[in-house]
Amino acid sequence: MKNRGIVFWSSITLTLIAVLVGVLAPNLLENITSNIQNLLTNTFGWYYLLVVAIIIAFCVFLILSPVGAIRLGKSTDRPDYSNVSWFAMLFSAGMGIGLVFWGAAEPLSHFAINSPIAPEGSQQALKDSFRFTFFHWGISAWAIYGVVALALAYSNFRKGAPGLISSTLFPIFGEKTKGPVGHIIDIIAVFATVIGVATTLGLGAQQINGGLSFLFDIPISFTVQLIIIVIVTILFIVSASTGLDKGIQLLSNWNIYLAAALLLLTLFIGPTVKIMNDFTSGLGSYLQNFVHMSLRTEPGNADSRAWIDGWTIFYWAWWMSWSPFVGIFIARISKGRTIREFLMGVILAPTLVSLFWFATFGTTAIETYISKDQSIIDLPTEQMLFGVFDHMPFGFILSIIALLLITFFFITSADSATFVLGMQTTFGSMNPTFRIKLIWGILQASIAASLLFSGGLAALQNAAIIVAFPFSFIILLMMLSLYKSLMEERQKLGLYIRPKKQPPSNLKK
């Protein structure tokens, strides 16, 4: 028990230090995170791109490999949740607030504010706006989640190991995963989770504040955002007290209902035919240019490289910092599925929904900018969606639904995170106590508030990029460990693409 407490208390200490620095010396925290972030993106931007490319290739290999038939659990195990509930929970945990925050803002930004390649406002910028948005929110993001979740689910349900990041590395490090090496790995994973979730909670608080300001003239300020964080923290703590099968599952289902309502209303009230054309064209361009975008560094073009650092590298780092949280949560709800079913479900279904989401809100935003109001690009990022709705029929109703959706996503993400942090700091307990979840709920809300206080969105982005760097090495080790274990099991089970040649039969018999 003494060793089990090392991860908990070390993680608590690191988090408290980050909160205190953010409160007592906000300028110092902003300067430190900004300098480290610049160093990492300028020096190791290529590394982030290569890591994600390797992750995608590994996922494709597993889907096509005979080991894809291996079940995450015993051969008789079957999924605990229906496909609809499973998808709702992993989607709410994996994207949530980010979809609402960037749904209109990112395509509009790529088209009219800061285009990745072509001049702003051009026809090429319009095409690029969707293919790069699809790129950032598509296969790459879900592959990162998928490979971490798969390693955890395989280790936990197939091998009977604790639900810890360190346990997935047992095939490489052996018993060392139960000592200092394992503790360091788990502490990094916990801190990455805290920062990744804090980034999203900060975005959620900003957008709720932005929506309230746009609709009801409530000022945009840190004080208002702090009040929002406190209220939502109380709500998700209440949800956390009800357990996984009640609170998170119920909220996740409500998220899907609200998201579907907002998506369909915008689709049919907005420029429907244009949305479908942009979705189809953007999807084709995304798939056609996928490899080039995945490895694009632009070393000789300072402006293009700055764009890549600010968007692509940020997203890859954000997904990595979220991967221990989302990975553990997805693993927890995926017992009984085969590796092939798991990866295809985790990667393909959420990707298609995410792309259609951005096509719907992005096209509507761009059409609003072109034909109705070019001043919407002057709005803060967190208000752009509400600025678009303001020019649509039933815009006020759409804005209210969006606010409710952000709030529910906020609660679900925070609730899921307290569950995962509780697991990681109680030696992989599948049902961490409410007291542990309460502590982590308060701490992750505190660090979100601290980052907002010290520098707003920039500080949140910097923190995500920094914490993802050390965890990226752990992800690579997780893939190596999983490959080693799966190849051993493939031989034991006799799984081959083609049957091994049998000795010739004795024709005389």
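Predicted model: local features only at pLDDT ≥ 70, side-chain atom pairs only at ≥ 80, totals over all residues.
Which element gives the most to the lining of the largest cavity?

1. Largest cavity. The element in question is α7, which contributes four residues to the lining of the largest cavity. Both α7 (139-158) and α14 (302-332) supply at least two residues each to this lining. The complete set of lining residues is Leu152, Ala153, Asn156, Phe157, Gly163, Ile328, Ala331, Arg332 and Met423. By class, six of them are nonpolar, two are polar and one is charged. The space inside amounts to about 40 Å³, and the count of cavities of 30 Å³ or more comes to two.

2. Overall fold. The protein chain is built with 18 helices and zero strands. Its radius of gyration is 23 Å, close to the 23 Å that the globule rule gives for 509 residues, so the chain is as compact as a globular protein of that length. Along the principal axes, the C-alpha atoms fill a box of roughly 85 × 60 × 45 Å. Of the 509 residues, 60% are buried. Among contacts with a separation of 6 or more, 83% join residues 24 or more positions apart.

3. In soluble globular proteins, nonpolar side chains tend to be buried together. In this model the largest nonpolar core has 168 residues, and Trp102, Ile165 and Trp318 are those with the most contacts inside it. Helix α18 provides the largest share of this core, with 23 residues.

4. Ile165 and its surroundings. Ile165 is one of the residues with the most contacts inside the largest nonpolar core. Apart from neighbours within four places in sequence, Ile165 is in contact with Val148, Leu152, Ile185, Asp186, Ala189, Pro324, Ile328, Gln424, Phe471, Ile474 and Met478.

5. Largest pocket. The largest pocket has a volume of about 570 Å³. It is lined by 30 residues, of which Ser155, Ala161, Pro162, Ser167 and Phe170 are the closest to its centre. Helices α1 (2-24), α7, α8 (170-173), α9 and α18 (434-493) each supply at least two lining residues. The most comes from α18, with seven residues. The lining divides into eleven nonpolar, twelve polar and seven charged residues.

6. Second largest pocket. The volume of the second largest pocket is about 300 Å³. Its lining has 16 residues, and the closest to its centre are Ala18, Leu29, Thr33, Phe191 and Ile195. Two or more lining residues come from each of α1, α2 (26-64), α9 and α18. Here too α18 gives the most, with six residues. By class, this lining has 14 nonpolar, two polar and no charged residues, whereas the lining of the largest pocket includes seven charged residues.

7. Ser213. Is Ser213 buried or exposed? Ser213 has a relative accessible area of 15%; the cut-off for a buried residue is under 20%, and Ser213 therefore counts as buried. This residue lies in helix α9 (residues 180-216). Beyond its neighbours within four places in sequence, Ser213 is in contact with Ile218, Ile220 and Gln383.

Conventions:
Residues numbered from 1 in each chain as written. Heavy atoms only, no water. Buried < 20%, exposed > 50% of the residue type's maximum accessible area, 1.4 Å probe, protein only. Contact = heavy atoms within 4.5 Å. 1 Å grid on protein atoms, 1.4 Å probe; cavity = no way out; pocket = protein on both sides within 12 Å on 5 of 7 lines; lining within 4 Å. Points joined across faces, edges and corners; volume = space filled by probe spheres on them. Nonpolar A, V, L, I, M, F, W, Y, C, P; charged D, E, K, R; others polar. Core = buried A, V, L, I, M, F, W, Y, C linked by side-chain atoms within 4.5 Å. Rg over C-alpha atoms; globule rule 2.2 N^0.38 Å.
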